[in-house]
Amino acid sequence: MQPYKIFTDRLEKGELKIDCIVLELENALFLIISEKGYRVSTMAGGVPSPSGVSDMRATSFRILGHKNLLLASALAERIAHSLKKLAFVSVATREDDPIQKLVLELANKALEKVGDSS
């Protein structure tokens, strides 16, 4: 059995195209979402709440950049909370509304694949 899982995905809506790479390790998940090829940009990390603390959500922190920080942080917190793993999320896209909706759709699709492969 491999100590990691890796997969890629792409979403296209008209002229909009974004790609993602997911690397899942035993204790962490890396999600890289990019509009123009595979590249790293704004990155946030998420840390799950401590074991036994049910009312506390995950927390996030900035690693790199600022352009898509709210989106990267929200995704990192969501992944850390739902998977109980460290989460590292990079979002390298424009900040306009149509592309942001596509990013969320692709992230949801990726998380479903992670859940299906567990």
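Me: Buried means under 20% relative accessible area. This model is predicted. How many of the seven residues of S6 are buried in it?
Reply: Strand S6 covers residues 86–92. The rest of the structure largely encloses this strand, because most of its residues fall under the cut-off. The number of buried residues in S6 is six.

Me: Which residue of S6 stands opposite isoleucine 32?
Reply: Start with the strands. S3 and S6 pair in the parallel sense, over seven bridges. Within S6, the residue facing isoleucine 32 is serine 90.

Me: Do S4 and S6 run parallel or antiparallel?
Reply: Strand S4 spans residues 42–47, and five bridges join it to S6. Among the facing residues, methionine 43 has serine 90 as its bridge partner, and glycine 46 stands opposite alanine 87. The direction of S4 against S6 is antiparallel.

Me: How many of the six residues of S4 are buried?
Reply: S4 is mostly covered. Its buried residues number five.

Me: Are the rings of phenylalanine 30 and phenylalanine 88 stacked, tilted or edge-to-face?
Reply: The count of aromatic pairs comes to one. The ring centres of phenylalanine 30 and phenylalanine 88 are 4.8 Å apart, with the planes at 15 degrees. Planes under 30 degrees apart count as stacked. The pair is therefore stacked.

Me: How many residues apart in sequence are the parts that this phenylalanine pair ties together?
Reply: Phenylalanine 30 lies in strand S3, residues 28–34. Phenylalanine 88 lies in S6.

Me: Which phenylalanine is in contact with leucine 31, leaving aside neighbours within four places in sequence?
Reply: Leucine 31 is one of the residues with the most contacts inside the core. Its contacts include Val22, Ile79, Val89 and Ala110. Also on that list is Phe88.

Me: With which side chain does the side chain of aspartate 9 make a polar contact?
Reply: Aspartate 9 is in strand S1. At 11% relative accessibility, aspartate 9 counts as buried. Beyond its sequence neighbours within four places, its contacts include Tyr38, Leu106 and Lys113. Its polar contact, at 3.4 Å, is with lysine 109.

Me: Is leucine 70 buried or exposed?
Reply: Leucine 70 is found in helix H1. Its C-alpha atom is separated by 9.7 Å from that of threonine 42, 28 residues apart along the chain. Exposed means over 50%. At 77% relative accessibility, leucine 70 is therefore exposed.

Terms used:
Residues are numbered from 1 along each chain as its sequence is written. This is a predicted model: local features need pLDDT of at least 70, side-chain atom pairs count only at pLDDT 80 or more; totals for chains, interfaces and linings use all residues. Side-chain values use heavy atoms; hydrogens and water are left out. Rings of Phe, Tyr and Trp (its six-membered ring) pair if their centres lie within 6.5 Å; planes under 30 degrees apart count as stacked, over 60 as edge-to-face and the rest as tilted. Helices (H or I, at least four residues) and strands (E, at least two) are DSSP runs, numbered from the N terminus. A nonpolar core is a set of buried Ala, Val, Leu, Ile, Met, Phe, Trp, Tyr and Cys residues joined through side-chain atoms within 4.5 Å. Buried means under 20% relative accessible area, exposed over 50%, partly exposed in between (1.4 Å probe, protein chains only). Contact means heavy atoms within 4.5 Å. A polar contact is a pair of N or O atoms within 3.5 Å; within protein, one must be able to donate a hydrogen and the other to accept it, and residues adjacent in sequence count only if both atoms are side-chain atoms. Two strands pair if DSSP finds at least two bridges between them.
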